[in-house]
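Hi everyone, thanks for making time this morning. I'd like to walk you through one model, so please have a look at the screen.

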Amino acid sequence: MERRAEADELGAGERDILALERRGFFGPGAKERAIREELDLSPVRYYQLLNALLDDPRALAHDPVTVNRLRRVREARRGERQ
């Protein structure tokens, strides 16, 4: 039973990505700088991982407010492209 709970939890890196998304950033390049310095990821890789997280039920359970907000933003952008 305990192993099942661990499998259902997000890893530290995934939690860090969601935590970074909860923060506000001011000025050009501030978010990209934080991605590189704090997470040691390229912005492209960061957004790939973030996009996958938005479809992960574990992420929704961990931080429903942030995940639902980002899903709405993603859907709005998809609508703009069509």
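I'll talk about the pocket and then about the salt bridges.

One thing to keep in mind is that this is a predicted model.

Let's begin with the largest pocket, which holds about 350 Å³ of space. Its lining is made up of 13 residues, and Tyr-47, Asn-51, Val-73, Arg-74 and Arg-77 are the ones nearest the centre. Two elements give two or more residues to that lining: helix H4 (43–54) and helix H6 (64–81). H6 gives the most, with seven residues. And what is the lining like by class? There are seven charged, five nonpolar and one polar residue.

Arg-74 pairs with Asp-55, with the closest N and O atoms 2.8 Å apart. Since Arg-74 sits in helix H6 and Asp-55 in the loop between H4 and helix H5 (57–62), the pair ties together parts that are 19 residues apart in sequence. At a relative accessible area of 14%, Arg-74 falls under the 20% cut-off, so this residue counts as buried.

Next, Lys-31 and Glu-21 form a salt bridge at 2.7 Å, N to O. Here Lys-31 belongs to helix H3 (residues 30–39) and Glu-21 to helix H2 (residues 12–22), so the bridge links parts ten residues apart in sequence. Both Lys-31 and Glu-21 are buried.

Last one, friends: Arg-58 meets Asp-56 in a salt bridge, again listed as 2.7 Å from N to O. Arg-58 is partly exposed, at 24% relative accessible area, while Asp-56 is buried, at 15%. Through shared partners, Glu-14, Asp-56 and Arg-58 are joined into one network of salt bridges.

Note on methods
Residues numbered from 1 in each chain as written. Predicted model: local features only at pLDDT ≥ 70, side-chain atom pairs only at ≥ 80, totals over all residues. Heavy atoms only, no water. 1 Å grid on protein atoms, 1.4 Å probe; cavity = no way out; pocket = protein on both sides within 12 Å on 5 of 7 lines; lining within 4 Å. Points joined across faces, edges and corners; volume = space filled by probe spheres on them. Helix = DSSP H or I, 4+ residues; strand = E, 2+ residues; numbered from the N terminus. Nonpolar A, V, L, I, M, F, W, Y, C, P; charged D, E, K, R; others polar. Salt bridge = Lys/Arg side-chain N within 4 Å of Asp/Glu carboxyl O. Buried < 20%, exposed > 50% of the residue type's maximum accessible area, 1.4 Å probe, protein only.
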